[in-house]
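This report describes selected features of one protein model. The sequence and structure are shown first.

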Amino acid sequence: MRSAELVSMLTDSRRRTLELQADLTDEQMRVPLVSIINPFIWEMGHVAWFQERWTLRHLRGLDSIRPDADALWDSAAIPHDTRWDLPLPSRAETLQYMQGVLDRVLEHLPQGEAPEQEAYFHWLVAMHEDMHDEAFTYTRQTLGYAAPPGPGRPVGGADEGVRRGPGGPPHEALGDVEVPGGEYLLGACPGPGFVFDNEKWAHPVKVEPFRIARTPVTYGQFAAFVDEGGYGRQEFWSDAGWSWRERERAGHPVYWLRDSGPWQLRHFDQVVPLPLEVAILHVNWFEAEAWCRWAGRRLPTEAEWELAATGLEKRRYPWGDTAPEPEQACLDFRSTARPAASDLAAGDSPYGCRQMIGGVWEWTSTVFEPYPGFVIDPYKEYSQPWFGGEYRVLRGGCWATRSRLIRSTWRNFYTRNRRDVFGGFRTCPGFATEAQRHGESRLAPAPQSPARPSAPGGQHFSSKNEPKGGEGV
Ligand SMILES: [Fe+2]
């Protein structure tokens with residue numbers, strides 16, 4: 001990869017990080033101690049620390065420009081709740097450290113072409129920063145701050161992207177499409193470009209023929225469930241889901257408001273009418289599951305999701321292999337007012353599924369597990385600590401995901417209770433079988449070994465966890 005492309009990517013990631021905090025007051029930078037967020041000032045220093053760790057200290061053998069960097073920003077070593085008590089540098093000093101690290105990184109880039117191993121770590125850093133930028137964005141929503149600056153920023157939902165059509169019965173929008181089953185290669189295929197260890201490598205799975213909604217579930221469709229008392233009817237909830245609902249005393253999705261009139265939505269620091277035709281955002285896995293039971297639907301497995309998105313030919317994106325365009329996918333913070341779920345037909349998958357990339361991350365039924373032959377990458381804390389248990393796979397990216405990051409094989413993962421993140425869902429008709437409820441997809445013999453070695457670098461680093469999903473990525 002050419003160094004000039006790396007420079008462009010790294011400076012663009014950093015530009016966005018700075019934009020996401022530049023308009024916040026010092027008071028707004030001081031955030032409450034909540035398990036799902038990080039102090040902004042800490043998170044800013046952390047992204048620069050991560051860059052320094054991998055591309056100056058690991059790649060170049062250089063010392064940190066701050067002797068206290070590990071003590072301040074090593075997310076694997078510093079428990080979440082103690083980040084509020086650290087002797088963090090001031091905002092100005094943090095910005096200075098961020099700039100100092102980036103300057104040093106760019107200074108050391110080779111002329112012309114960057115070797116593959118080197119490019120890998122710069123990609124890792126950019127992806128890491130892009131993911132934190134998504135976290136900065138949903139944290140602004142969590143805290144009720146203004147919508148982030150960016151192209152197409154709307155105020156008060158008056159933007160043309162917020163549609164207010166009538167609500168309809170569940171899954172009526174554009175109906176379902178038929179996806180022929182077959183042996184599908186789930187996961188990333190070896191080749192150029194960055195992939196995380198959890199995507200490696202493509203392996204055969206047998207997928208039975210299935211039907212899946214053309215569009216994600218909309219606010220209007222979800223409102224019908226809420227208005228029928230769905231949050232108070234235990235028969236629609238799993239035991240774990242009902243426990244969550246009772247614990248949280250949830251009677252409707254987070255950020256929904258209503259006095260005597262129709263539902264409204266808190267959208268960052270504004271209250272807007274519920275955009276009925278837009279894909280629902282900020283529902284957790286339990287809420288998605290309950291809606292499914294009410295509607296006689298189910299979540300797709302991640303193998304079904306990926307097959308519906310890419311076709312047997314395994315396109316990089318639903319529409320093909322060309323980079324996302326605005327008429328195909330809502331990405332890159334292009335607008336906080338997302339298009340109606342029926343829009344962006346140019347981004348349809350081979351089977352006619354719409355908005356599978358961008359808009360909202362889509363929950364699947366699949367437990368986040370390693371693919372067969374999993375080999376851990378140098379950034380050991382990214383995937384392995386989170387396999388199994390409460391984590392479920394989400395696919396497709398959201399409006400705050402960078403287009404350089406997302407692709408059809410990307411696996412995101414959050415615990416089932418997270419509704420602060422940019423999660424929504426699409427469904428398949430029929431109730432889930434036991435296997436479908438857990439999203440099992442390893443139905444074919446696994447390959448004996450990965451198709452090629454994992455990322456350069458090997459297993460060099462500490463195995464302590466880096467909290468993921470709001471606590472850091
Ligand atoms: Fe991180």
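## Basis of the description

The model is predicted; local features need pLDDT of at least 70, side-chain atom pairs count only at pLDDT 80 or more, and totals for chains, interfaces and linings use all residues. Residue numbers start from 1 along each chain as its sequence is written.

## Overall composition

The protein chain contains 11 helices and 13 strands. Helices (H or I, at least four residues) and strands (E, at least two) are DSSP runs, numbered from the N terminus.

Of its 473 residues, 51% are buried. A residue is buried if 20 or more other C-beta atoms lie within 10 Å of its own, exposed if 12 or fewer, and partly exposed in between, with C-beta atoms placed from the backbone. Among contacts in the protein chain between residues at least 6 apart in sequence, 83% join residues at least 24 apart; a contact requires C-beta atoms, placed from the backbone, within 7 Å.

Two strands count as paired if DSSP finds at least two bridges between them.

Strand 10 (residues 391-395) is antiparallel to strand 9 (residues 361-367), to which 3 bridges join it. Glu 362 stands opposite Arg 395, and Trp 363 has Leu 394 as its bridge partner. With strand 11 (residues 412-415), strand 10 pairs in the antiparallel sense over 4 bridges; here Tyr 391 stands opposite Thr 415.

## Packing of helix 3 and helix 6

Helix 3 (residues 40-58) packs with helix 6 (residues 116-143) at an angle of about 175 degrees, their axes lying 10 Å apart. Axes are lines fitted to C-alpha atoms, for helices over the stretch in contact, and angles run from 0 to 180 degrees between N-to-C directions. The two helices are therefore roughly antiparallel, a term for angles over 145 degrees; those under 35 count as roughly parallel, 65 to 115 as roughly perpendicular and the rest as oblique.

Residues of helix 3 in this contact include Phe 50, Trp 54 and His 58, and those of helix 6 include His 128, Glu 129 and Phe 136. The contact residues comprise 7 nonpolar, 6 polar and 2 charged. Ala, Val, Leu, Ile, Met, Phe, Trp, Tyr, Cys and Pro count as nonpolar, Asp, Glu, Lys and Arg as charged, and the others, Gly among them, as polar.

Notes:
Two residues are in contact if their C-beta atoms, placed from the backbone, lie within 7 Å.
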